Amino acid sequence: MIRIFAILALLGAVGIGAPAWAAETPAGLTATSAAMTLAQAPSATAEVAAATAAAIAAAAPVATLSKADNAWIMVCAALVILMSLPGLALFYGGLVRTKNMLSVLMQVFVTFALISVLWVVYGYSLAFTEGGSFFGVLDKVFLKGITADSLGATFSKGVFISELTFVIFQGAFAAITCCLIVGAFAERAKFAAILVFMVIWFTLSYAPMAHMVWYWAGPDAYVDAAAGEAAGATAGFLFQKGALDFAGGTVVHINAAVAGLVGAFMIGKRIGYGRESMAPHSLTFTMIGASLLWFGWFGFNAGSALEASGGSALAMVNTWLATACATMSWMLAEWMIKGKPSMLGAASGAVAGLVAITPAAGFVGVMGAIVIGLLAGVICLWGVNGLKHLLGADDSLDVFGVHGVGGILGAILTGVFAAPSLGGSGVYDYVANAVGEYDMTAQVISQLWGVGTVIVWSGVVSVVAFKLVDLVIGLRVPEDEEREGLDITSHGESAYHY
């Protein structure tokens with residue numbers, strides 16, 4: 001046990017000691033900090049920087065906290081936490097066999113706690129400070145410099161929330177992403193191995209993907225074309241590519257799904273897989289978990305607008321509607337194929353719809369949400385049946401079939417249905433302060449950049465991380481412990497006494 005904690009401490013130290021590539025700029029830009037960002041940009045001349053700084057100082061409103069928006073995002077952060085604890089834990093727990101119920105609850109619960117700590121220690125700084133195109137820097141380790149008065153930018157000029165609110169909201173995203181991974185290799189992985197893997201993967205896959213997709217200078221930096229160009233050059237790699245991801249189709253779902261699939265391959269199949277019954281032990285828990293996920297997902301998607309706005313309301317409606325459509329399409333397709341509609345199918349369809357609408361929630365109109373939901377139910381049903389058999393992996397709780405397939409589908413269709421001609425919001429031009437011209441082909445290509453990058457990045461990091469953990473402490477429990485069940489052998493407890 002001492003060795004395990006020593007490994008965790010060493011890995012944390014390695015993460016904190018990662019290279020810093022550039023001077024850091026706060027996530028919430030004031031007029032002064034925006035001007036500083038421009039002045040430091042290599043593409044801007046000193047004259048342009050000085051002129052733009054003066055323009056920002058003269059034109060920008062005084063930065064003040066929007067109490068209503070801040071309160072909304074605080075509520076949304078709590079809803080995202082509810083999605084993990086107990087939502088995802090119960091959803092996963094009901095899907096495993098009785099002898100492994102507590103082990104899954106424990107893995108989700110402790111992973112959430114571990115990542116929450118790492119997020120504050122260095123994760124937030126790596127993800128949401130100005131650095132290179134792939135990583136931020138470490139100027140905000142342990143939230144250094146962030147106080148109760150620190151402000152974070154939203155998606156409207158002159159509208160700010162507390163940066164601490166943004167920290168916890170995004171931290172909940174990071175934690176649930178890592179929790180999603182455990183479902184792919186449930187019922188046979190060592191608890192210590194899971195924790196060490198999470199430290200490595202969070203540091204080298206989640207934080208950089210969040211930076212690549214979501215880090216930008218904030219809307220107040222875009223005062224004119226020159227300032228916009230300079231500010232854009234400081235954004236994350238995929239943000240610069242124009243990839244749209246409203247609430248985490250790439251950062252959360254595809255990222256976690258690829259890691260889970262790699263883990264399922266590298267850890268191997270469960271003993272008796274394909275020969276013994278491995279039916280869910282409690283679909284009651286699974287239904288409760290899915291319902292809590294649906295409820296909490298309103299915070300996940302609607303909160304990603306960062307304001308209590310019409311855009312937030314659109315994301316909420318789309319989340320509600322796409323999920324309902326996916327529930328119906330999965331259930332009806334399964335009914336036609338198997339002759340009976342199942343509770344497991346309905347719950348799985350709901351999660352598939354939630355996943356698919358996540359990258360699109362604030363960008364598409366209602367009809368786009370309906371199409372995405374209907375397609376997600378059917379295509380993810382194929383993902384957990386046909387594709388799973390083609391891949392040959394024992395993805396215990398169908399993490400890739402639902403989160404991977406649904407995330408890819410939603411990310412690509414975001415590029416289609418974000419088009420204003422199809423009822424979408426288009427892409428806002430912060431220099432012109434209006435929606436810009438929309439090129440669907442170019443946007444779909446940008447979406448493919450996002451999908452391809454996260455698959456390759458997460459895949460490579462996951463292979464390396466699992467291999468390192470396997471060499472140091474081993475990935476899998478002994479056969480006798482797996483047969484007895486991880487509740488007793490790993491944690492000395494039983495979920496049920498009867």
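Author: What follows takes the labels one by one, on a model that is predicted.

Reader: Why is Leu344 called partly exposed?

Author: Its relative accessibility is 30%. Buried means under 20%, and exposed means over 50%. The value for Leu344 falls in between, so the label is partly exposed. Leu344 is found in helix 13.

Reader: What makes the nonpolar surface patch?

Author: Leu283, Met287, Ile288, Met343 and Leu344 make it, over about 370 Å². Two elements, helix 11 (283–302) and helix 13 (343–357), each give two or more of these residues. Helix 11 gives the most, with 3 residues.

Reader: Why do Leu, Met and Ile side chains qualify for a nonpolar patch?

Author: Leu, Ile and Met are on the list of nonpolar side chains for patches, and such side chains are joined within 5 Å. Leu283, Met287 and Ile288 are among the members here.

Reader: Which residues lie closest to the centre of the second largest pocket?

Author: Of its 31 lining residues, those are Pro280, Leu344, Lys388, Ser396 and Asp398. The volume of this pocket is about 740 Å³. Helix 14 gives the most to its lining, with 5 residues. By class, the lining holds 15 nonpolar, 8 polar and 8 charged residues.

Reader: What makes a space a cavity and not a pocket?

Author: In a cavity a 1.4 Å probe fits but cannot get out, whereas a pocket is an open set. The count here comes to 5 cavities of 30 Å³ or more. The largest cavity holds about 60 Å³ of space, so it passes that cut-off.

Reader: How do you know which residues line the largest cavity?

Author: A lining residue has an atom within 4 Å of a point of the cavity. Among those that line the largest cavity are Leu261, Lys388, Asp395, Asp398 and Gly401. Helix 14 gives the most, with 4 residues.

Reader: How many charged residues line the second largest cavity?

Author: There are no charged residues; the lining divides into 8 nonpolar and 2 polar. His253 and His403 are in that lining. The volume is about 50 Å³.

Note on methods: Residues numbered from 1 in each chain as written. Predicted model: local features only at pLDDT ≥ 70, side-chain atom pairs only at ≥ 80, totals over all residues. Heavy atoms only, no water. Patch = residues over 30% accessible without salt bridge, like charges linked within 9 Å, V, L, I, M, F, W, Y side chains within 5 Å. Areas by Shrake-Rupley, 256 points an atom, 1.4 Å probe, with all protein chains shown as cover. Salt bridge = Lys/Arg side-chain N within 4 Å of Asp/Glu carboxyl O. Buried < 20%, exposed > 50% of the residue type's maximum accessible area, 1.4 Å probe, protein only. 1 Å grid on protein atoms, 1.4 Å probe; cavity = no way out; pocket = protein on both sides within 12 Å on 5 of 7 lines; lining within 4 Å. Points joined across faces, edges and corners; volume = space filled by probe spheres on them. Nonpolar A, V, L, I, M, F, W, Y, C, P; charged D, E, K, R; others polar.
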